[in-house]
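Please look over the sequence and the model below before reading on. The paragraphs that follow lead through the structure step by step.

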Amino acid sequence: MIRVLLADDDVLIRGGLRVLLAAEGDIVVVGEAANGAEAVREAARLRPDVVLMDIRMPVLDGTSATREIVSWGPPRPRILALTTFDLDEIVDGALTAGVDGFLLKRATPEEVVAGIRTVAAGDALVAPSVTRRLLEAYAGRRGPSAADSARAGRLTGREGDVLRALASGQSNAEIARSMYVSLETVKSHIKNLLAKLEVRDRTQAVVWAYRTGFVDQ
């Protein structure tokens, strides 16, 4: 079972999500939080697999709550952000804080369920396509530094292919199928490229790829 904590200041949204997820045989809602401070407290108490985190909340916003939870280190709850992406600084802050995935609040029920399963499995969520477009817009505000170019130079050709696949929203299994390699080989490539890029996780690797223009090379 995937244990989920719902963090949103809108009680109607929390209620709707709870009803939606109750219909899934492999997902259970273990708690709710109405603000970021409650989200941190409940995440520490309940240790859910995934926190479905609203970015804009009172008392403590979702970005700050994410930063606190990520600082715990593994094993920690995975963070799936819910946001309208209406302000650039919100996107920037959430990326920097280390969220594991993003969903727009107008996402379909199917996308919400799939997103929870994706981040619970350890994958970064860069789909649907609107999310990738926003990540690209975020990346366009920056250029590669000399250090970024040096890091890119450390990647093997295959690691570069895997990084581009991650940036396109493919899961480990999809990458393995498209490259005709084993799942363990894909995981090994990801582990190596994270070390070479000096990033924390898959989501940060995707952000790096867009920010530096690596996906366009």
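**A walk through the model**

Tyrosine 180 has a relative accessible area of 76%, which means that this residue is exposed, since the cut-off for exposed is over 50%. Tyrosine 180 sits in the loop that connects α9 and α10. Its phi is positive, about 60 degrees, although tyrosine 180 is not a glycine.

The mean pLDDT of the protein chain is 86, and 87% of the residues score at least 70. Where pLDDT is low, the predicted coordinates should not be read in detail.

How many helices and strands does the protein chain have? There are 11 helices and 5 strands. The chain has 217 residues, and 49% of them are buried. Its accessible surface is about 9,700 Å², with 53% of that belonging to carbon and sulfur atoms. Take the contacts between residues at least 6 apart in sequence: 68% of them join residues at least 24 apart.

Next comes the sheet. In what order do the strands of the open sheet lie? The order is β2-β1-β3-β4-β5, and the pairing is parallel. β2 (27-33) and β5 (101-104) are the edge strands; each has a single partner strand, so one side of each has no neighbour in the sheet. On average, neighbouring strands of this sheet are turned by 25 degrees against each other, with direction ignored. Leucine 82 has leucine 103, in β5, as its bridge partner.

Helices lie across these strands. Helix α2 (residues 36-46) lies across β1, β2 and β3 (50-54), and it runs at about 160 degrees to β1. Helix α5 (residues 109-120) lies across β1, β2, β3, β4 and β5, running at about 130 degrees to β3.

Two loop residues can be taken together with this part of the chain. Arginine 47 is in the loop between α2 and β3. Its phi is positive, about 50 degrees, although arginine 47 is not a glycine. With a relative accessible area of 41%, arginine 47 is partly exposed. Leucine 60 is in the loop between β3 and α3 (62-70). Is leucine 60 buried or exposed, or partly exposed? Its relative accessibility is 27%, so leucine 60 counts as partly exposed, the range between 20% and 50%. Apart from neighbours within four places in sequence, leucine 60 is in contact with Asn35, Gly36, Ala37, Val40 and Ala65. Leucine 60 and glutamate 38 are 22 residues apart in sequence, while their C-alpha atoms are 8.5 Å apart in space.

The interior comes next. In soluble globular proteins, nonpolar side chains tend to be buried together. In this model, the largest nonpolar core has 22 residues, and Leu163, Leu193, Leu197 and Trp208 have the most contacts inside it. The elements that give two or more residues to this core are α8 (157-167), α9 (172-179), α10 (183-197) and α11 (202-211). A second, separate core has 21 residues, including Ala39, Val40, Ile90 and Val207.

Which residues does tryptophan 208 touch, not counting those up to four places away in sequence? They are Asp148, Arg151, Ala152, Leu163, Leu197, Val199 and Phe214.

Helix α8 can be followed from its buried residues to its end. The buried residues of α8 are Glu159, Gly160, Val162, Leu163, Ala165, Leu166 and Ala167. An α-helix has 3.6 residues a turn, so residues three or four places apart point the same way. Glycine 169 follows α8, and its phi is positive, near 100 degrees.

Asparagine 172 is in helix α9. Its relative accessibility is 13%, so asparagine 172 counts as buried, the cut-off being under 20%. Leaving aside neighbours within four places in sequence, asparagine 172 is in contact with Asp123, Leu183, Val186, Lys187, Ile190 and Arg202.

Definitions and conventions: Residues are numbered from 1 along each chain as its sequence is written. This is a predicted model: local features need pLDDT of at least 70, side-chain atom pairs count only at pLDDT 80 or more; totals for chains, interfaces and linings use all residues. Side-chain values use heavy atoms; hydrogens and water are left out. A nonpolar core is a set of buried Ala, Val, Leu, Ile, Met, Phe, Trp, Tyr and Cys residues joined through side-chain atoms within 4.5 Å. Buried means under 20% relative accessible area, exposed over 50%, partly exposed in between (1.4 Å probe, protein chains only). Helices (H or I, at least four residues) and strands (E, at least two) are DSSP runs, numbered from the N terminus. Contact means heavy atoms within 4.5 Å. pLDDT is the predictor's confidence in each residue, from 0 to 100. Two strands pair if DSSP finds at least two bridges between them. Axes are lines fitted to C-alpha atoms, for helices over the stretch in contact, and angles run from 0 to 180 degrees between N-to-C directions. Accessible areas come from the Shrake-Rupley method with a 1.4 Å probe; for residues, only the protein chains shown count as cover.
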